[in-house]
Amino acid sequence: MNIRNDWKLDEIKDIYHKPLLDLIYESATIHRQNKSYAEVQISSLISIKTGGCKEDCAYCPQAARYQTDIEVEPLMTVEKVKARAEVAKANGASRLCMGAAWREVRDNKDFDRVLEMVSEVNDMGLEVCCTLGMLTYEQAEKLKEAGCFAYNHNIDTSSENYENIISTRTFDDRINTLSNVRKAKLSVCCGGIVGLGETDEDRVKMLHTLSTMEMHPDSVPINALVPVEGTPLENNKKVSIDEMLRMIATARILMPKSIVRLSAGRNEMSIAEQALCFMAGANSIFAGEKLLTTPNPDFGVDMQMFKTLGLTARKPFKDSEEEVLQTSEHHS
Ligand code: SAM
Ligand code: DTB
Ligand code: SF4
C-alpha cells in the first residue's frame, strides 16, 4: 500500500467533500486491503491526575479556570492504577492510556511515580500509552525506557484555529513535543477534535498537517467534542454523524496504515452510526465506562456491538508477529 506524505490541500479538500457514500465506499475499499480490517484495537483510559490544569483549552472540563463539576484529584497511587489496569485487561483492552491534567511533565517525584506505573502496567502485558502534556526529549526517553509504548498528544485543530481554542501554548509547542516523542521511538498517537466551531477548511488543514508529517502518526484519534457545562464550548452544536464519517474516511484514505480511533463522542452514537464509522475505516475505540472524566459506553455494551458487527478485539502489538511487522514496515 502506497503511503504518501506529500498530500496537497486541494487533494484533501476534494476527498473530504466527495458525496458521502462515495467517500465511505472509497475509504472502506482501502481499509479492506488491510488483512485485519475486522479487528478493532481497544484502548482503555485512566485519568491518573484529574483537574486543576493550568491550560485554557476551551473544550476541557479539567482546566482550573472553568467552573465545572470535576473534582480535582492528586496523582493516583501505583496500586490503584494496577487495579484499574487489571479490570481493563480482563475486559479485552490491549492498551491502557494514562492521562494527566498537566500542562507539561516536570522532573519530580510525580514523574517518577508515573514511570513506575508505566513499568508495572507494561509488565502486565498491556501496551502502555501516556498523555501527560508537553515533554522534553529526555522525558520521552525515560518513558520509553520504563516500557511506555505510545504517547498521545493531539493537535486538536488547524494551526490557524489553534489560538481560538487555546491561548496558553502554541501549535508549534505541540509539534515540538511530537517530534521529541518520535525521536525517542515511542509510537505516536495524534489527532484532533470535531465540533470546536471550526470550519471544514480547518478540518482539512488539520488532516493535512497529520498526513504530511514525515511519518504519519501511528494512531489518529478523532474525537467529537463532548460539551461540558462550565467550559466556553458548553453550548456548541452536537457533532453530526456525517461530520464524523467525513473525518474518519478522509483520515483512512490519507493515512492507510495508521490506526484511526473513533474516540470521544461514542456515548451519543447509535450502533448503526458506529457501524458506519468502522465501515469507513475506524479500527480502534476507547472502551470502559469513562473516558477521562465523561461517560463512555460500558465494556459489555461494546462487546455486544462487536458481536453484532462481526468485529474482534485486537491483541497487544507485542503478542503478534504480524502487527510487529506491519508497524516496523510503517516505521522504516
Ligand atoms: N493534558 C494533556 C494534554 O492536553 O495533552 C493530556 C490530557 S488531554 C485531556 C487529552 C486530549 O483529550 C486533548 O488533547 C483533547 O483532544 C481531548 N479532549 C479533552 N477534552 C475533550 C472534550 N470535552 N471533548 C473531546 N475531546 C476532549
Ligand atoms: C484522545 O484523543 N481522546 C481521549 C484521549 N486522547 C486522552 C480523551 C477524551 C477526553 C474526553 C473528555 C473527558 O472525558 O474528559
Ligand atoms: Fe489541561 Fe490537557 Fe485539559 Fe488542556 S486538554 S486543559 S492541557 S488537561
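1. The model is predicted, and local features need pLDDT of at least 70, side-chain atom pairs count only at pLDDT 80 or more, and totals for chains, interfaces and linings use all residues. Residues are numbered from 1 along each chain as its sequence is written, chains are lettered from A and ligands numbered from 1 in the order in which they are written, and side-chain values use heavy atoms, with hydrogens and water left out.

2. Around ligand 3 stand C53, E55, C57, Y59, C60, A63, A101, W102 and R169, each with a heavy atom within 4 Å of the ligand. This shell divides into seven nonpolar, no polar and two charged residues, where Ala, Val, Leu, Ile, Met, Phe, Trp, Tyr, Cys and Pro count as nonpolar, Asp, Glu, Lys and Arg as charged, and the others, Gly among them, as polar.

3. The structure holds 17 salt bridges, a salt bridge being a side-chain nitrogen of Lys or Arg within 4 Å of a carboxyl oxygen of Asp or Glu. A network of them links K54, E55, R103, E104, R106 and R169.

4. K82 and E120 form a salt bridge, with their closest N and O atoms 3.2 Å apart. Because K82 lies in helix 3 (residues 78–90) and E120 in helix 4 (residues 109–123), the pair ties together parts that are 38 residues apart in sequence; helices are DSSP runs (H or I, at least four residues), numbered from the N terminus.

5. D200 and R203 also meet in a salt bridge, at 3.7 Å from N to O. R203 is buried, with a relative accessible area of 6%, whereas D200 is partly exposed at 34% (buried means under 20% relative accessible area, exposed over 50%, partly exposed in between, with a 1.4 Å probe and protein chains only).

Key
Helices (H or I, at least four residues) and strands (E, at least two) are DSSP runs, numbered from the N terminus.
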